[in-house]
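Let's take a friendly walk through this protein together.

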Amino acid sequence: MTSVWEAIRRSRSLLLVIVLCSVANVATRGAIAADRSARLQLQVVDAIEFVTDHELSRERLEELAGHMRSVERQMQDELGVPPLEKTVRVYLFATHAAFSDYVRQHIPSVGRTDAAVRHGVFLLRQERPFVFLAAGENLIQSLRHETVHAVLNTSHPALPIWIDEGLAQCYEDPDGGHRSARAERVLKKDLLRRAAPRPQSLEKLKTMSQLGPREYAGCWANLEKLLGSPAGRATLRAYLADLREGKAPAPLSQSSTFLGERSR
Ligand SMILES: [Zn+2]
């Protein structure tokens, strides 16, 4: 239980790189400083480090770990993406206020507004994945979402944000399907009755702040489409393999899955 502080203290003096939802690459000094007043506890389940500010049963932690390992397995089966090699640490806060306070205090790139609307944050620090979450009814979905970011960002340099966010949404569903009711709702409610944003426009987006609700939902729609056909899935699989090998694959917008669509 006490090793949390030791591990955190050891990492404090190094220059660290933050990847927030894989998007905002922000170089920063400092680390996740210890906040002893929060009384954080460390429990390790299935080689995943859970740090909590409230009591969670072993069964609940096993359930959460099960979802994370399930996402890893599914991504490996469907996309050939290797599971996490590094130990992931998951911070779980009882309230959104505690989550927001902690994240803002320890990750300077997360602003007040950002922390207010998020329920999860992924951080890559010294190539080690960290996930921060607020407990709530969507905890499982948020955990699965951030797990995708952890899996992808530890082994895929130069991963475009629209693919990262698109896949994270595709693997959120606890049932293992690729649907996202939330994203579908956003696209359906578009007042201008536009089609979902196309890959060609999403590929130009570089930061999380450029992704409005419609673009974010569009990431899901396009990745769900790729995953939904054998040809699309094979294309995505090859694309991710190229990234892992440090190659620069052709943009996914050029794949046959998308080229056949009528531009609008
Ligand atoms: Zn995300």
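This is a predicted model: local features need pLDDT of at least 70, side-chain atom pairs count only at pLDDT 80 or more; totals for chains, interfaces and linings use all residues.

Residues are numbered from 1 along each chain as its sequence is written.

The protein has 11 helices and 7 strands; these are DSSP runs numbered from the N terminus, with helices (H or I) of at least four residues and strands (E) of at least two. Of its 264 residues, 37% are buried. Here a residue is buried if 20 or more other C-beta atoms lie within 10 Å of its own, exposed if 12 or fewer, and partly exposed in between, with C-beta atoms placed from the backbone.

Now to the core. The largest nonpolar core holds 60 residues, and those with the most contacts inside it include Val 90, Phe 132 and Leu 167. Such a core is a set of buried Ala, Val, Leu, Ile, Met, Phe, Trp, Tyr and Cys residues joined through C-beta atoms within 7 Å. Helix H9 (residues 213-227) gives the largest share of this core, 7 residues. At least three core residues come from each of domain 1 (1-153) and domain 2 (156-247), with bounds taken from an automatic or database domain assignment. Leaving aside residues up to four places away in sequence, Leu 167 touches Val 148, Leu 152 and Leu 223; contact requires C-beta atoms, placed from the backbone, within 7 Å.

Next, find helix H5 (residues 139-153). Because 12 of its 15 residues are buried, H5 is largely enclosed by the rest of the structure. Among those buried residues are Arg 144, Val 148 and Leu 152. They pack, as a group, against helix H2 (58-79), strand S6 (120-125), strand S7 (128-134) and helix H6 (161-170). Ser 70 lies in helix H2 and has 15 C-beta neighbours inside 10 Å, so Ser 70 counts as partly exposed. Between Ser 70 and Arg 144 there are 8.9 Å in space, C-alpha to C-alpha, although they are 74 residues apart in sequence.

Finally, return to H9. How do H9 and H10 lie relative to each other? They are roughly perpendicular, a label for angles of 65 to 115 degrees. Where they meet, Lys 225, Leu 226 and Leu 227 in H9 face residues of H10 including Gly 232 and Leu 236.

How values were computed. Two residues are in contact if their C-beta atoms, placed from the backbone, lie within 7 Å. Angles under 35 degrees count as roughly parallel, over 145 as roughly antiparallel, 65 to 115 as roughly perpendicular and the rest as oblique.
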